[in-house]
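Subject: Structure handover

Hi,

Here is the structure for your files. Please open it alongside this message. My notes follow below.

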Amino acid sequence: MPTSAASKIYVSRRESTRPEAPMLSVIVPVFNEEDVILHFLEATRPVLDQTGLYYEYVFIDDGSRDKTADILSRQLQDGLPGRLLALSRNFGKEAALSAGLEAAKGDIAVIIDADLQDPPELILQMLDGWRAGYDVVYGLRVDRSSDTLMKRSTAGMFYRLFNRLANIDMPANAGDFRLIDRVVIDALLRLPERNRFMKGLFAWVGFPAMALPYERPPRKAGTGKFNYWKLWNFALDGLTGFTTLPLRVWFYGGVLVSLGAFAYALYLILRVFVSGIDVPGYASLMVALLFFSGVQLLSIGMVGEYIARLFNEAKQRPVYILQDVIEGSPAENCTRADKASNGS
């Protein structure tokens, strides 16, 4: 993401005030990841050790029905730093991310999926970007060949449509994989809405951001949890959560249809005066009736989407419910120098 001249001033000011040894929280939403979770820990712990920082894992179990919770519980009991948040049911990834952000204790946080499609090695480069003064360093997927052609095509269409309609600029092909500063976490926690589209919220809160391109590998193990129906609803939540343009489209469409109907009525009146009364055709009548009926149903449906979201917000139900928290070891620094000093 390009940085304006004004934001460069803020970036340079932040660079001069970064703490040398911040605490890092690694936020990991999990849902039925028993096949890959140990691979994830094996891949991430050496990277986190290289940072030389105190770090913690924040796992959010979003209603898993397999052995994911059992595996993580044993790891935490064996000394894994961090905690496991157990949601009372499957609330969805956006709610799980919200729970993880609220539970994170670090000065900075990295959001990463457990499927290892987001390379953990990039965390080191993200830290470099943060030390350079950026509050957000997000992964930008430049190669999505591991995804299906259908998914790549629909994702590209969604990003283009979103950025045209919404009043924010959401980077295309930027997922949830990112490092964010504590100021960004606090800003996100201040947002009260229940229908949460986190990619949009990350863009909405702003702050100086840096893109980190990478090629997305296939899953290490297991299967993806999103299907196309869920992705469609996810995209619809994103669009309706950040723009009211669909409502305005139907307003202007109604104005145009009304003007057209008025002009057609004048034409009929003039035709009667000139040519006399003519029997209207059945086909043209049915076409007009079906067309305008469809327009009305579409407009009512679009209004209904926004009313449904107002209904959900008015109920003020919590975004998620915790049923348990399993604590592991305190935040850990596993550098050799630290271990040597502790053992001497």
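A term to start with: buried means under 20% relative accessible area, exposed means over 50%, and partly exposed is in between (1.4 Å probe, protein chains only). Helices (H or I, at least four residues) and strands (E, at least two) are DSSP runs, numbered from the N terminus.

This is a predicted model: local features need pLDDT of at least 70, side-chain atom pairs count only at pLDDT 80 or more, and totals for chains, interfaces and linings use all residues. Residues are numbered from 1 along each chain as its sequence is written, and side-chain values use heavy atoms, with hydrogens and water left out.

Overview

The chain has 12 helices and 8 strands. Of its 344 residues, 42% count as buried. Contact means heavy atoms within 4.5 Å. Among contacts with a separation of 6 or more, 85% come from residues 24 or more positions apart.

Confidence is given as pLDDT, the predictor's own score for each residue, from 0 to 100. The chain averages 76, and 64% of the residues score at least 70. Residues 335-344 stay under 50. For that stretch the model has 5 contacts beyond four places in sequence.

Helix α4

Helix α4 covers residues 93-103. It is largely enclosed by the rest of the structure, because 9 of its 11 residues are buried. The buried ones are Glu-94, Ala-95, Ala-96, Leu-97, Ser-98, Ala-99, Gly-100, Leu-101 and Ala-103.

Take Ala-99, which sits in α4. Its relative accessible area is 2%, so Ala-99 is buried. Which residues does Ala-99 contact, leaving aside its neighbours within four places in sequence? They are Ile-60, Leu-85, Leu-87 and Tyr-320. Tyr-320 is 221 residues from Ala-99 in sequence, yet their C-alpha atoms are 7.2 Å apart.

Aromatic pairs

Rings of Phe, Tyr and Trp (its six-membered ring) pair if their centres lie within 6.5 Å; planes under 30 degrees apart count as stacked, over 60 as edge-to-face and the rest as tilted. The structure holds 5 such pairs.

Phe-40 and Tyr-57 are edge-to-face, because their ring centres are 6.4 Å apart and their planes stand at 65°. Phe-40 lies in helix α2 (residues 37-51) and Tyr-57 in strand β2 (residues 55-61), so this pair ties together parts that are 17 residues apart in sequence. Both Phe-40 and Tyr-57 are buried.

Tyr-57 also pairs with Phe-59. Here the centres are 5.3 Å apart and the planes at 10°, so the pair is stacked. Tyr-57 has a relative accessible area of 0%. Phe-59 is buried too, with a value of 0%. Ring pairs link Phe-40, Tyr-55, Tyr-57 and Phe-59 into a cluster.

Helix α8 (residues 198-205) is mostly covered, with 6 of its 8 residues buried. These are Met-198, Lys-199, Gly-200, Leu-201, Phe-202 and Val-205. Just after α8, Gly-206 takes a positive phi of about 75°.

Helix α7 (residues 182-189) packs against α8 at an angle of about 115°, with the axes 10 Å apart. Axes are lines fitted to C-alpha atoms, for helices over the stretch in contact, and angles run from 0 to 180 degrees between N-to-C directions. Val-184, Ala-187 and Leu-188 of α7 meet Leu-201, Phe-202 and Val-205 of α8.

Best regards
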